[in-house]
Amino acid sequence: MGGGEGKCLYIDTEGTFRPVRLLAVAERYGLNGEEVLDNVAYARAYNADHQNALLTSASALMSESSGRGELSSRQNHLGKFLRTLQRLADEFGIAVVVTNQVMSNPDAAAGPYAGNEKKPIGGNIMAHASTTRLQLKKSRGNTRSCKIYDSPCLPEMETQFAILASGIGDPEEET
């Protein structure tokens, strides 16, 4: 069953978690939706301190069974948060998925040697804490693209997928 005994902790920082989406994916794969939802521990985090408190609580449970002036403080919080996630992944053999926002990179030059026009919020701390980084983009309709942006073991490549009522699939599966 893998690390975490098939369970998942979803720390929601933006209020976007939708259980109905999990039920649709469970149906697609012939799983009992209620059992799937029972295996997801959901927590809404409102700030960095709250995120760290949630991770500390999760670690305890698992072992039993704004402005530029605040940049340094925010980076320290982010670093601590990411190290705690890494420790949980290593100790309990679980996968950790972190989503992140991007912002425009004004330093990206135009032309054939242009850098990435978007850069992840969180800077180098976020980059160094991630083993494999993926860049997701919205295309036409329900089609999205996923590019392996940085990985120690996978070549850079890109693929298309769709977000369907039944979960992730090929773009042509649903019109």
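View 1. In β7, T143 is bridged to A162. Strand β6 covers residues 143-150 and β7 covers residues 158-164. The two pair in the antiparallel sense over five bridges. Pairing requires at least two bridges found by DSSP. Helices (H or I, at least four residues) and strands (E, at least two) are DSSP runs, numbered from the N terminus.

The model is predicted: local features need pLDDT of at least 70, side-chain atom pairs count only at pLDDT 80 or more, and totals for chains, interfaces and linings use all residues. Residues are numbered from 1 along each chain as its sequence is written, and side-chain values use heavy atoms, without hydrogens or water.

**View 2. The open sheet.** Four strands line up as β5-β6-β7-β8, with antiparallel pairing. Edge strands β5 (133-138) and β8 (167-169) each have a single partner strand, so one side of each lacks a neighbour in the sheet. From one strand to the next, the twist averages 35 degrees. Axes are lines fitted to C-alpha atoms, for helices over the stretch in contact; angles run from 0 to 180 degrees between N-to-C directions.

**View 3. Helix α1 on the sheet.** Helix α1 (residues 19-28) lies across β7 and β8. Its angle to β8 is about 55 degrees. Contact means heavy atoms within 4.5 Å.

**View 4. The largest nonpolar core.** This core has 12 residues, including I11, A45, L54, F81 and M126. Such a core joins buried (under 20% relative accessible area, 1.4 Å probe, protein chains only) Ala, Val, Leu, Ile, Met, Phe, Trp, Tyr and Cys residues through side-chain atoms within 4.5 Å. Helices α3 (48-64) and α4 (71-92) each give two or more residues. The largest share, six residues, comes from α4.

How values were computed: Buried means under 20% relative accessible area, exposed over 50%, partly exposed in between (1.4 Å probe, protein chains only).
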